[in-house]
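The following exercises are to be worked with the sequence and the coordinates at hand. Each task is followed by a solution in steps.

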Amino acid sequence: MEYGKALRVILRELDVKQAELARRIGTSTSYVSQLCSGKIKEPTLSKAYEIADALGVSVNEFVELMRVDGD
């Protein structure tokens, strides 16, 4: 699974909107949307940690989801 798909899964599970995540990490909704859609393949490492922290999850949770095959 790609990062964007993993991010969408976590956002859905936590019932967090893209705009809310953008606000929490101090970036634009457009940036988060591009991550979710796969237009941006992966965030920088520092941004990945910011995203995980803002969602109250670990980067390892993203990694585990990304290891899942298929949708």
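**Exercise 1.** In this predicted model, identify which helices are included in what covers the buried residues of α4, and determine how those buried residues are arranged about the axis of α4.

*Solution.* 
Step 1. The cover over the buried residues of α4 includes α1 (3-14), α2, α3 (29-37) and α5 (59-67).
Step 2. Helix α4 spans residues 45-55, and its buried residues are K47, A48, I51, A52, A54 and L55.
Step 3. Viewed down the axis of α4, these buried residues fall within an arc of 165 degrees, so they line one face of the helix.
Step 4. L45 and D53, on the other side of α4, are exposed.
Step 5. Just after α4 comes G56, with a positive phi of about 70 degrees.

**Exercise 2.** State how many salt bridges the model contains, and examine the pairs R23 and E20, R67 and E64, and K17 and D15.

*Solution.* 
Step 1. The count comes to five salt bridges.
Step 2. In the bridge between R23 and E20, the closest N and O atoms are 2.6 Å apart. The two residues are three residues apart in helix α2, which means a separation of about one helical turn.
Step 3. R23 is exposed at 58% relative accessibility, whereas E20 is partly exposed at 26%. E20 and R23 also belong to a network of salt bridges with R24.
Step 4. The side chains of R67 and E64 form a salt bridge with an N to O distance of 3.0 Å. R67 and E64 are likewise three residues apart, in helix α5, and so are separated by about one helical turn.
Step 5. R67 has a relative accessible area of 58% and is exposed; E64, with 47%, is partly exposed.
Step 6. An α-helix has 3.6 residues a turn, so residues three or four places apart point the same way.
Step 7. K17 and D15 are joined by a salt bridge of 3.9 Å, N to O, and both residues are exposed.

Terms used. Residues numbered from 1 in each chain as written. Predicted model: local features only at pLDDT ≥ 70, side-chain atom pairs only at ≥ 80, totals over all residues. Heavy atoms only, no water. Buried < 20%, exposed > 50% of the residue type's maximum accessible area, 1.4 Å probe, protein only. Helix = DSSP H or I, 4+ residues; strand = E, 2+ residues; numbered from the N terminus. Arc of directions from axis to C-beta. Contact = heavy atoms within 4.5 Å. Salt bridge = Lys/Arg side-chain N within 4 Å of Asp/Glu carboxyl O.
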